[in-house]
Structure formats: C-alpha cells, structure tokens
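Here is a walk through a two-chain model, one neighbourhood at a time. Keep the viewer open and follow along.

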Amino acid sequence: MKPGDLVVQRPEGLYCPPGDFYIDPWRPVARAVITHAHADHARMGNGHYLAAAPAEGVLRARLGEIDLQTLRYGEAIEHNGVRLSLHPAGHVLGSAQVRLEHGGRVWVASGDYKVAPDRTCDPFEPVRCDVFITESTFGLPIYRWTPDEQLFAQVNDWWSRNVIAGRASVLACYSFGKAQRILSGVDPTIGPIVVHGAVRPLNDAYRAAGVPLPETRMVTEISDKAELRRALVLCPPSAVASTWLRRFGETSTAFASGWMQLRGARRRGGYDRGFVLSDHADWPGLLGAIGSTGAQRVIVTHGSVPVMVRYLQEQGLEAEGFDTEYGDDVVEADQAPQEPQAATGEGG
Amino acid sequence: MKQFTRLFTELDATTSTNAKVEALQRYFAAATPADAAWAVYFLAGGKPRQVVNMALLAQLACEEAGIEAWLFDECYQAVGDLAETIAHVLPQAAETSDVGLAVWIEERLLPLRGLPPEAIAPRVRAWWRELDDMGRFLLTKLVGGGFRVGVSKLLVQRALAAHAGIDAKRVAQRMMGYTDGKVMPSAERFAALVAQVEEGATERADEGQPYPFFLAHQLDGTAEVFASRLGPVTDWQVEWKYDGIRGQVVKRGGRVWVWSRGEELVTERFPEIVALAQPLPDGTVLDGEIMVWTEEPEGPGRPAPFSLLQQRIGRKTLTKKILADAPVTFMAYDLIEQGGVDLRELPQRERRARLEALLTGTRLKLSPIETASSWLEFAQRRAQSRDLGVEGFMLKRLDAAYGTGRTKADGLWWKWKIDPMTVDCVLVYAQAGHGRRASVYTDYTFAVWNRRPLDKAEVDAVLEAIARKEPPQPGALQLVAFAKAYSGLTDEEFRQVDAIIRRTTIEKFGPVRSVRPSLVFELGFEGINRSTRHKSGIAVRFPRMLRIRHDKPLHEADTLAQLEVLLGAGR
C-alpha cells in the first residue's frame, strides 16, 4: 500500500479513500460499488448501492429492496472528485470492472471476469489503466479452457446418451450465471429442460434483461414420468444430495465448474461427469487481460495470489496481493437457501 | 489414440460397473482388432515399461510450456499427479492427430527403449503437440510408467464376453497369460479372445473350465431346533468353515488353473497352489478354500487372519517378501472331477472317500471332518471357533450331490456360523449410497470412545466441541472412527436415519457429511484385526448394523478398550 493509492484494503472491504466508498464490501458500509451480483461480492446491508444497469434485475432478485443506483456501461459520474465508470467484465449478466480516475491516475478493479465469449452477457472490455486489480481464481497454468462449442458438444452428447438410456441428466451448477450460460449453449431439441427453484428467479431476471434463453420448466409442471427421464435438470449442487432429486428416478449426475479440469476433483466430487465450464478467466485469459490494460502495477485478489504475484514480478511488473473475502463461499452462498427446503422434500 | 482416450475418459468418469462395461463394449465395437488388442493389454493390467523418467518429462514440459520450475511445482501441488500436471501445462495442440493405439505403441513407444534421453526428448515433445489434454496425460503415463485405470480384469472379460456373445469364463481362459508380456498383443491375439465358439470342437483354452460353485445356506437357531430340522448328526458331514477365498483347482492336460468363487481366474496370483496341484493326475477338479496357513512347529498349524490373505489379493507382482509373509495354501474339501469324469452326481460320502484317497501323499490340505454325538455337542464345539481361527461349521448331507449355485434341489449344504462380535458405537459420518440408494444417506462411519466417559456432562462437552468444529485435544475424551457399514437396516430405518443425518449435519466434505453424534448402533462383525491403515489401529471384517439402539445414551457406547478385548478373543 502506498500513500495516494486509489484503492486500499480495510476490514470492511476494498476502499477508495478520496471517493469515500467501497467496492464489493464484505461488511455493511454506507456506499458500495458492486461489480456483480454473486453472493460473495454483493452482500446485504449496505446503505447505497451502485452497479451496472444490466445487473439491476439479478441484484434485486437476490437482495430485494435496496437503494440501488445504476450506470450504463461506459457512463461516468463524479463522486468526491473521483471519476467513476463501469465496464463489462464478461463474468455474468451485469458484471462490471470499476474504473476510477483521480488526480491524473487511473485504477481499474476487475471484480470477477472472463474473456471467453458468452451469449448471456457483454464481453470483457480491456480498459487502459495505471493500476489493475485482478482476480486470480484460476491463476495457475494448468487452467486452460476448451472452446465453448467443444464443451457444449460434450454436454449435448452426455444428455443425448442419457435420453437413449432413459435416465434424467442432472447438471449441478451455480444458479446465477453458470445456469444461464449452459441454457444458452445446450441444444434444446434434445429434450425438456427442468430447472430447480433456485435457478428460476435468475432465469426470469435474465429474460427480463433481454437475454434469450430456451424454454425451461419446473419439475412440478411435468406430470409425465417419461418426460422427466428425457430431461436436462439444472440445479445447485446442494440439490444433488437432497431428496429433491429422488423424483427423477434413475439419473446421471454432472457438475459444471472450472475445478472439474482436475481429475482428482472430478473423482472426489462423486458426480458421474465433470464439465470444465467456468465463469472466470483461465491462465492465458488472466495474463492476456492484465497485458491489455497496460498497467505497470497489478494487485492480485482472491485465488492463486502468491503465484500470480511472483509470476508477474518475474515479468517485470510491480505486483502485490490484497487479502479479500471473495470466492470462498460461492458454492455455499448459492446452495444455502435451498438446504432446509430440500431436507423436507419441498425444494420445488 | 482418440478412441482409447475417449474410453479412458469414460471409464475414469464413472464408478458404475455397468457404465464401465457399456463403455468398454462401445470401444470394442468401434476399435480395430490391433488397437483393441493393446487396449485389453493395458486395461487388464499389462504394464508399459518406463522408458523416460518423470523428472525428465517434467523438465521437458516446463520448456515446452515456457514456465519456470517453481511454477510447475505450484501446479503439481494443485494437481497431485505429475503426468496430469504435464498434460495441463502444455499449450493446446493446434491440430490433433488420430494415430491408432497399436501404431502408437508398436511404431513409436516400443522403439524408444534403450535410446538416450536426448534422442527421446524431441520425439516426446513432437507427440505432445499432436494430442489433446487427456491424450497427453495417457502418453505421459505410458512412457513414464505408472499407467493405471479403474477397471478390473474381470470387468474387461465381462465386456469382451458381452461384445463377442460368448461366456465370460471362456474369455477368462483365453486371456490366460495375455498380460504377462511374453507375447505382444496383436490383432490375431485379440481375434482369438473374442472368436465364436464352434459346436463340438474343444478349444485348447477350454481345458481349464471350472464347475459352477455349490453354495451353502445360512443356518440359524438353537441346537434343539436343529435336531428336528436336520435329523440325526450321523446323516451329516461336518467340517470347520474357513475364512478364506472359495476356490476350484483344475488340473488337466498337464496344466493347473485356479478359480475364485467370482469365477475369476487367479492362477497367476497363487503360484504355491499351482505347485501343490501339479502332481495331481490330469482330469482332476478340487473344491476348497484358498487361505494363508500359519505353520506351527508342533501340531497342524492354524488358519491365519483373513487380513494376511487380503495382502495377496490384488497384488499383480508377488515379491519374495510377500510370498514369505503370506504363504498361501489350498484346503480341499470336495472332489468334483476325477479321471476327467464329472463326479457331481455322486453322494457326498463317496466324493469324500475319493478325495481322501486322492490327496494321500500330496501336500494339499484336506479339510478335517469333525464328529460329535449330538447337535448340542456341536453347538458347544462351535463356541471354540474364534480360538481356532474359523467361522463356525459347514454341514453337508452325506447323501447329497454337488449342486449348482444356491439350490436345495440336488443336495444340501448349511453354513452354521458363529454369532458376530458386537459393539455399540456412534454414527459420526454418512455418505449417500449408490443405485437404488442414491441420494439417501446409507453408508455410515462409526466410532467408539477412546476411553470410558466420566459422565453425560463430559460427553456433552465433547459434542459441543464437535459442533463448533474444534479438533479434539490430544489425550482428551474423543470419538475414534473404526468401521464403515451400509447394510442391516430396513428401508424405513434408513429413511429415519437419513432424516436425522440431514438435520444434524455439521460439515460436508464432497459426498460425505459429518454429523453431530446422536445415534448409537449395535454393529456386528465377523472378525477383527490390527491395522496400520486405520486411525483406530483396528479393522473389522464384514461389519453390519444389527439395530439402532435408541435406548442407549451416547456415554454408554463402547470404547477402544472393548475392541481390544475382542481383538484378543479373535486370535
């Protein structure tokens, strides 16, 4: 940390001293800029929220009645002399990088981002800056994603084979972002698509924001058992271990996550299949994004912080890490609300 | 390689044996015989020899990926497997090739043998460039040694049999020696594995065919009941029931085959039995028990604990040490073929007489016949079973034929097992079952106290600490996990326990949940041994839940010391 830094660490979260506001705080604060609506970045209890306009629906679906101000991507405002604008991060619908300009210096905080194309959100936009605050969830060279078309061919193939075998295809994934990306990528002519109660409000928010998604149904809307056996079922991971799953009879289970890249994780997970599908940048993606900002100083947050810092330093950049509370509880945050319902079989 | 890679991916992705067999069948249907020949070789346990050491491969991968050694090490820490780390760090191939597995092995990998590292490096580097992630992983495993895949030889045989529409036992015989590395796999050898059976023609490979095993029924009840159910003791042949692996030894045409009850050919795993059976005349089939026998200087010796035999099962290479530590013998108790003639229709007493005559002068063991004047006396003798290292009695009707499977039509065998040892223990972890029990928590881990709790208050304090996820203090009162069990409860009981598990979950580790301990179970098991592989230092055999002890408070559950007592009794 240096005097005059535009973003510093505080116990509440990442703080902009001249602007007097926080970015994705993990404790309640008066003014919060929210990069995206995942539970570890967008928390309850802040006084005032600022986010990108496309995030409004999903934020409200998750946080309810909040004091929310939105900006179009690229639209700038001044606050306490800090010029602030939001730029697409390509992570999920409404995800944004925060660009801060003050005293002739430009800082960009990435939030979570991915550089691969995604039909459900605006693509990542490289923003020139002096200092770039980057995430590092998959910050190791072992993480390289396969192109979407190959990946969705794998998913479609798995689903089709299950249809022939007469068993439902249960694909566990985060309810927000991952689920919609899968919906936009699979071939809906293979069979009916069923979504868990946790996924549906987010689908509604996506559709309301103008993102085309194929028709999805709730399990309660299907009375024909044979239909269920042909279905692709999207649900949070918690539902796979719950009684909710029983109504589908025989199933093949899969998990969609970047962590599925590793054989050990696939085998430990206990799923029949693992699809390597991530909302984060892979190693080449992270390095490419960092390079495209032109930043000479990089601050690394949540993920492989020490590795990325050392690697960037070896590349001649000034690099350091921030301790944040992002990333650890994404899965938990996604599944927690379903747990009590699932236990009594009312997961819907 | 692409087909083989896909097969490996599918086998790797599932734990369902049916799914594995389906994947294998799909592969055999699509692959050329030459490729399939090598696939069978590797899947059935044939080992590729290491031609390049892994350190060199790792170094090559760093160069190819343009990363420093420290970064590769970081990756390895995350992945946990060198070949997989290499596969992931390498840049994506621009274009992948589709060279068949046989060409890969015969024209590329085998010629590497004996080449200096500097000649090998450029080739491996070029090959990596034409393979995808999983292909590179397999190639690296194949040249670096250490190729393993999660299928058993038996499963490969089942899939080959289903593919060819022939009997799996026949495939097993045709596969004898297939993976010993003496003859290279080839299209011809594969064709011979799956060839159709010609009516009437005897295949040389058919010579070792065993008979279906005759299985016994479980006998429960008191000695009084027996008298009325079984009739006089003089109608029965009574032997000890051994805790080994049921097996058949076949001697025909100068060769010996050993089959286990799963109709798996295990000849290569038990060379001692082959040696013992070699002097038998051709056309002999013995039924008996494969077991480890502890010799005693004075007296006949005694059966060794099953755990010793377990060390032999699954070993592909038998070292001198393991052969010396766990010497295997064959305890014969029936003769089902003699002089090439099927004896199964003969009465038990006649087969037994021939067996005794046959084994005279050989070093094969003959299962001794136990006699008593009444069932009551047998019941008293049965109580010594644990001291003798056996599981109870086998009762065989003297006029019974040797039946097929678990039938009562041709004759009758009863197993009269000793009551299981029991322990009252506490449910601490649960995992969902498979198949019908998927998404129901049916697989439980049980624990006992490391010492007797002083009172309920002390137990409550421990439970609070568990709920707060605090690790136990060394030496303090704690629960020690010692056994897993997943059978013995009714569906309704499983549903009740499942609901309690969901309500009392503390943490989830993948498919496993830790629970706030609240349930005591009576757990029964057949045997108990010391084990260095279990935290408790104890391994139990065939544990099953006898009942839920809703009446028992947690502080009255048993302790490690009580297991120690059973351990003494189990000797």
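In this predicted model, β17(A), α9(A) and β18(A) come together as a right-handed β-α-β unit. The two strands of that unit, β17 (residues 297-303) and β18 (residues 318-321) of chain A, run parallel and are joined over 4 bridges. If you want one pair to click on, take V300(A), whose bridge partner in β18(A) is G321(A).

At one end of the order, β15 (residues 251-256) of chain A runs parallel to β16(A), and 3 bridges join them. Within that pair, A256(A) has F275(A) in β16(A) as its bridge partner.

V233(A) is buried, because 24 other C-beta atoms are within 10 Å, and the cut-off for buried is 20 or more. Leaving out neighbours within four places in sequence, V233(A) is in contact with A168(A), S169(A), V170(A), L171(A), V194(A) and F248(A). The C-alpha atoms of V233(A) and I193(A) are separated by 6.0 Å, although the two residues are 40 residues apart along the chain.

Another spot to look at in chain A is helix α1 (residues 56-63), where E56(A), G57(A), V58(A), L59(A) and R62(A) are buried. The cover over the buried residues of α1(A) includes β5 (48-52), β6 (68-71) and α4 (200-208) of chain A. Just past the end of α1(A), G64(A) takes a positive phi of about 75°.

Now over to chain B. Its secondary structure comes to 22 helices and 21 strands, and buried residues make up 36% of its 571 residues. Of the contacts in chain B with a separation of 6 or more, 73% are between residues 24 or more positions apart.

Chain B has an open sheet of 5 strands too, in the order β1-β12-β11-β2-β10 and with mixed pairing. The edge strands are β1 (217-218) and β10 (369-370) of chain B, and each pairs on one side only. Strand β2 (residues 236-240) of chain B pairs with β10(B) in the antiparallel sense over 2 bridges, and V238(B) has E370(B) in β10(B) as its bridge partner. Helix α18 (residues 375-382) of chain B lies across β2, β10, β11 (392-397) and β12 (413-417) of chain B, and runs at about 145° to β11(B).

Last stop: helix α3 (residues 33-43) of chain B, which has a packing partner in helix α12 (residues 187-194) and another in helix α7 (residues 101-109). Here are the two contacts by residue class.

The axes of α3(B) and α12(B) come within 7 Å and cross at roughly 75°, so α3(B) and α12(B) are roughly perpendicular to each other. In this contact P33(B), A34(B), A36(B), A37(B) and V40(B) of α3(B) meet A187(B), R189(B), F190(B), A191(B) and L193(B) of α12(B).

For α3(B) and α7(B), the packing angle is about 75° with the axes 7 Å apart, which makes α3(B) roughly perpendicular to α7(B). From α3(B) the contact uses A34(B), D35(B), A37(B), W38(B) and A39(B), and from α7(B) it uses L101(B), A102(B) and I105(B).

Terms used:
Residues are numbered from 1 along each chain as its sequence is written. Chains are lettered from A and ligands numbered from 1 in the order in which they are written. This is a predicted model: local features need pLDDT of at least 70, side-chain atom pairs count only at pLDDT 80 or more; totals for chains, interfaces and linings use all residues. Two strands pair if DSSP finds at least two bridges between them. Two residues are in contact if their C-beta atoms, placed from the backbone, lie within 7 Å. Axes are lines fitted to C-alpha atoms, for helices over the stretch in contact, and angles run from 0 to 180 degrees between N-to-C directions. Angles under 35 degrees count as roughly parallel, over 145 as roughly antiparallel, 65 to 115 as roughly perpendicular and the rest as oblique. A crossover is right-handed if, with the strands pointing away from the viewer, the path from the first strand over the helix to the second runs clockwise. A residue is buried if 20 or more other C-beta atoms lie within 10 Å of its own, exposed if 12 or fewer, and partly exposed in between; C-beta atoms are placed from the backbone.
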